Amino acid sequence: MDRNQKVRWNPFSSGYFADPYPHLQECRVTNPVQIGTQNCWTLFKYKHVSPILRSKDFEVSDLSEYLKEKEDYIFKSTSACPHLSETTRLWPMYLNGELHKEVRHIMGRAFNEINFQGYIEEAVDKTNHHFSKVTAFNIYDYCGYYIYDIVKQVFDLQKMSQEEMTTYSNLLAVSQDVFVPKQVYQKINEQMNWARQHFQLSKFKIELMRLFAEKKMETDDESIYSIMSISTMAAFETSKDNLTMALVGLMSRPQLIELVMETRGSSLELLIEELFRFSSPLQFTIRVNKEAIELDENLIPANSKLYLSVASANRDEEVFLNANEILPTRTPNDHLAFGGGVHFCLGASVARAELRACLIPMLSLLKNFQLDRNSLRWNKQIFMRTLKTATVHKLN
Ligand code: HEM
């Protein structure tokens, strides 16, 4: 790598979606603080990304406002009613200040009422039973089946099929991406409207309404639906993507599988953290600086949009030795896969419990299969990484 030649981040560069890490590394090493258009900056180093994520001096950007500004253009010459800005209005990762605190508190309490552990244990058994007789399958479907079974029970979404949840959740994830074409926003809009019916009878809805009333906060169907939609997406999308990438990462390193099968207790906890760091399904997030800041001799004016590359920070060799490898006992491992600070992932303990429960049972099944590396296909997404196809075949 020529360290004198500053590489500009280009997610459409060849091979980026299949493996963004070589390009992210070039950016991190040659050009770690990059200015883009309209006050946007992209940051790649752990030493820049981590303190910003954890600091109270930075705000999140408002997705709902951003979508509202685009709605006239997106729905020009269509009769569709815009749902984009309404449905995203209370998504906590795009709220600041008191409103964020209130919504996060309500969601946290509602999650605490749910017996995730019970649903997780049932789902592991069901999933392995379902896939035990087949001789070839897609790991993405396997992981999707497991996480779908948990999410459907948690939010009472029994009438939504796995395929429907996959499409819905993925389109909600895409609504937060950059460079989204107008036609895709129209599809997202349709899905946001379609899914409403499925949440009508949910116990989670009743609990949210009770908690809003207890706080004497005004609500309507739109705000409750906004929270239910983000809860479903957050619980399904990243967990399923993380697990798919973690299993494929392990299947690509057969020497690790026997070792993982023997891992228990605190060693299992270390391994799980390492898999989150390695997979980093949420690859970017955005913050806005209230004051001007200086980073590596770059003066960044106040109110700039900072694109924080969590994925790049999690592979920064200045912090993580052999960062592209899975080191089962890596310590310390202060990764940023769940973000940091006031927006730290509200479902991190759920995601950890899911991995803790499924890793060894799933590898016990998968060790009898071989991964077809030629089958790997990735979605063209920048913020949330999704490995859509990874076929395994039973060994003779
Ligand atoms: C491997 C799985 C997961 C990963 C990697 C992940 C990652 C993240 C990250 C990085 C953020 C912070 C975003 C930011 O700062 O801009 C976040 C926020 C959030 N996550 Fe997760 N997540 C996972 C699973 C879950 C699950 C299972 C749930 C729900 C049960 C969940 C619910 C949330 C919520 C509600 C927020 C918003 C918190 C706030 O803004 O205050 N996540 N997640």
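Helices (H or I, at least four residues) and strands (E, at least two) are DSSP runs, numbered from the N terminus. On that basis the chain has 15 helices and 12 strands. The model is predicted: local features need pLDDT of at least 70, side-chain atom pairs count only at pLDDT 80 or more, and totals for chains, interfaces and linings use all residues. Residue numbers start from 1 along each chain as its sequence is written.

**Overall form**
- The radius of gyration, taken over C-alpha atoms, is compared with a globule rule of 2.2 Å times the number of residues to the power 0.38.
- For 396 residues a compact globule would have a value near 21 Å, and the chain agrees, with 21 Å.
- Along the principal axes, the C-alpha atoms fill a box of roughly 60 × 60 × 40 Å.

**Burial and contacts**
- A residue is buried if 20 or more other C-beta atoms, placed from the backbone, lie within 10 Å of its own; 39% of the 396 residues count as buried.
- Two residues are in contact if their C-beta atoms, placed from the backbone, lie within 7 Å.
- Of the contacts with a separation of 6 or more, 72% are between residues 24 or more positions apart.

**Helix H10**
- H10 covers residues 203-214, and its 12 residues should span 16 Å, at 1.5 Å times one less than the number of residues; the end C-alpha atoms are 17 Å apart, which agrees.
- Phe204, Leu208 and Leu211 are buried in H10.
- These buried residues fall within an arc of 65 degrees seen down the helix axis, so they line one face of H10; the arc is that of the directions from the axis to the C-beta atoms.
- The buried residues of H10 pack against helix H5 (97-112) and helix H11 (221-251).
- Lysine 216, which follows H10, has a positive phi, near 55 degrees.

How values were computed:
Buried ≥ 20, exposed ≤ 12 C-beta atoms within 10 Å, placed from the backbone.
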